[in-house]
Amino acid sequence: MMRFFSRKRACWTSIIVLWLVPSAVFPHDLTLMGGITNFMTDKTTVTPPPEINDQSSAIIGNARLSGDFAENISYRFDLGLDSLWRYYLSGEALFRFSIFKLGAGSFFHYSEKGTEILNPALIATAGIELPGLFFVEGKTIMTFFADLSDPGSIDYNYLGWSAGYWTQDLIAGFYYDSKKMEEKRTDTLLVRDSLTRYFFHAGIYDKNRMWTINLDFGYEEMVFEMTKTDVESVQTEAIFAGLEVILRISNSLSWHIKGEVPYPLDYPADVFWWTAATGFTIKLAD
C-alpha cells in the first residue's frame with residue numbers, strides 16, 4: 001500500500017514539474033472586422049444595360065483566426081463578406097524553408113441562388129523573404145470545376161503578387177490584385193465582375209508602440225459585363241487612397257479603424273465612392 005501511494009505521489013509531482021517548466025507559446029490572433037462600401041456593382045441586376053454607380057452599397061467584413069503552429073508553420077482561417085465575392089470561407093497554411101515560403105489551402109464560395117452550397121477552389125502561395133532586405137510573393141485562387149449552365153451558378157478566380165522592402169518596423173512595396181467573378185443570374189444572362197488594383201502599400205508597426213499605420217495608394221479598374229446585350233460592358237477607372245489605424249488598447253486587444261476613397265477618372269463628378277470599416281484584434285496567445 002505504501003508503495004502505491006509513493007508511486008501516485010511521484011506521478012503527480014512529475015505532472016506539476018512538467019507544468020511549471022517554461023515552454024514556447026506560439027502567437028494566435030482573432031480579428032473581427034465589419035463595415036460598408038458602395039464601390040461595387042449591383043448584385044441584383046438581371047436586366048441590361050450594365051451600370052456602375054454609387055447608389056448601391058453592401059456590408060463587408062470578416063472573422064480571421066491566424067497564428068503559428070510551429071516556428072516555421074503558420075495558418076490563417078477567414079470567414080467573410082466581400083463586395084465582389086460575397087460569402088466566402090478560406091483556410092491556408094504557410095511553410096517556411098529558410099528564405100522560401102510555400103502555402104496551400106482551400107477557398108469556398110457560397111452561391112446564394114444556385115444549387116451549389118459551396119464552390120471549392122485551391123489556394124497556392126509562393127514567396128521569398130529576406131528580413132531587413134526584401135520580399136516577393138505570388139498567390140492564386142482557382143476553382144476546381146465550374147458549370148455555368150444553371151441560374152445561380154458561379155465561377156471565380158484571384159491572382160496577386162507583391163514585392164517590396166521589409167524590416168522589423170516597416171513594410172513597403174508594390175502590390176497587384178485581380179479578382180474575377182462570373183454568375184449565371186437568369187437562364188439567358190451571364191454576368192462578369194472584375195476588380196483589378198495596382199497600388200503601393202506601406203505599414204509602420206512596432207510592438208513597443210501603441211499604434212500601427214497602414215497606407216495604400218494606387219490605381220484600380222472595375223468592369224461589369226453582361227453577355228448578349230446591346231451594351232455588353234461598362235467600366236470605371238479610379239485612383240484610390242486608403243488608411244488603416246490600429247490602436248493597441250491593451251496587451252491583448254487592438255482597435256482597427258479603416259477607410260478608403262476611390263476618385264473616378266472617367267465617371268461623372270457627382271459620383272462619390274467610399275469604404276469604411278472597424279473592428280478588433282484579440283490576442284489569444286503571444
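This is a predicted model: local features need pLDDT of at least 70, side-chain atom pairs count only at pLDDT 80 or more; totals for chains, interfaces and linings use all residues.
Ile99 sits in the loop between β4 and β5, and β5 covers residues 100-109. What does Ile99 touch, once its neighbours within four places in sequence are left aside? The contacts are Gly127, Ile128, Glu129 and Leu130. Take Gly127. In sequence, Ile99 and Gly127 are 28 residues apart. In space, their C-alpha atoms are 8.4 Å apart.

Ser98 is in that loop too, between β4 and β5. Ser98 is exposed, because its relative accessible area of 72% is over 50%. Look at the backbone as well. Phi of Ser98 is positive, about 60 degrees, and Ser98 is not a glycine. For background, most residues other than glycine have a negative phi.

Arg86 also has a positive phi, near 60 degrees, and is likewise not a glycine. Arg86 is placed in strand β4. Is Arg86 buried or exposed? Arg86 is buried, because its relative accessible area of 15% falls under 20%.

Now the overall picture. The protein has one helix and 14 strands. There are 286 residues, and 41% of them count as buried. What share of the contacts with a separation of 6 or more comes from residues 24 or more positions apart? That share is 52%.

Next, the second largest pocket. Its volume is about 200 Å³. Its lining is made of 15 residues. Which of them lie nearest the centre? Those are Met40, Lys43, Ala58, Arg86 and Tyr87. Three strands each supply at least two lining residues: β2 (58-70), β3 (73-82) and β4 (86-97). By class, the lining splits into five nonpolar, five polar and five charged residues.

On to cavities. How many cavities of 30 Å³ or more are there? The count is one. The largest cavity has a volume of about 40 Å³. Phe39, Met40, Thr41, Ser83, Leu84, Leu195 and Met222 line this cavity. Five of the lining residues are nonpolar, two are polar, and none is charged. Note Met40. Met40 is among the residues nearest the centre of the second largest pocket, and Met40 also lines the largest cavity.

Thr41 is found in the loop between β1 (28-37) and β2. Thr41 counts as buried, because 3% relative accessibility is under the 20% cut-off. What does the Thr41 side chain pair with in a polar contact? The partner is the side chain of Asp193, at 2.9 Å. Not counting residues up to four places away in sequence, Thr41 touches Ile52, Asp193, Met222 and Phe224. Met222 is also one of the residues lining the largest cavity.

Ile52 takes us to the largest nonpolar core. That core has 23 residues. Which members touch the most other members? They are Ile52, Trp85, Phe107, Ile141 and Tyr156. The elements giving two or more residues to the core are β6 (119-130), β8 (154-166), β10 (190-204) and β11 (211-226). In soluble globular proteins, nonpolar side chains tend to be buried together.

Zoom in on Tyr156. Leaving out residues up to four places away in sequence, Tyr156 touches Trp85, Phe107, Phe108, His109, Asn119, Pro120, Ala121, Ile141, Thr143, Lys180 and Met181. Trp85, Phe107 and Ile141 are on both lists: they touch Tyr156, and they are among the core members with the most contacts to other members.

Last stop, Ala276. Ala276 is in strand β14, residues 275-285. Ala276 is partly exposed, because its relative accessible area is 33%, between 20% and 50%. Which residues does Ala276 contact, leaving aside its neighbours within four places in sequence? Those are Gly34, Gly35, Ile36, Lys258 and Gly259. One distance to finish on. Ala276 and Ile257 are 19 residues apart along the chain, and their C-alpha atoms are separated by 8.0 Å.

Note on methods:
Residues are numbered from 1 along each chain as its sequence is written. Side-chain values use heavy atoms; hydrogens and water are left out. On a 1 Å grid over the protein atoms alone, a cavity is a set of points where a 1.4 Å probe fits but cannot get out, and a pocket is an open set with protein on both sides within 12 Å along at least five of seven lines; lining residues have an atom within 4 Å of a point. Grid points are joined across faces, edges and corners, and a volume is the space filled by probe spheres set on the points. Helices (H or I, at least four residues) and strands (E, at least two) are DSSP runs, numbered from the N terminus. Ala, Val, Leu, Ile, Met, Phe, Trp, Tyr, Cys and Pro count as nonpolar, Asp, Glu, Lys and Arg as charged, and the others, Gly among them, as polar. A nonpolar core is a set of buried Ala, Val, Leu, Ile, Met, Phe, Trp, Tyr and Cys residues joined through side-chain atoms within 4.5 Å. Buried means under 20% relative accessible area, exposed over 50%, partly exposed in between (1.4 Å probe, protein chains only). Contact means heavy atoms within 4.5 Å. A polar contact is a pair of N or O atoms within 3.5 Å; within protein, one must be able to donate a hydrogen and the other to accept it, and residues adjacent in sequence count only if both atoms are side-chain atoms.
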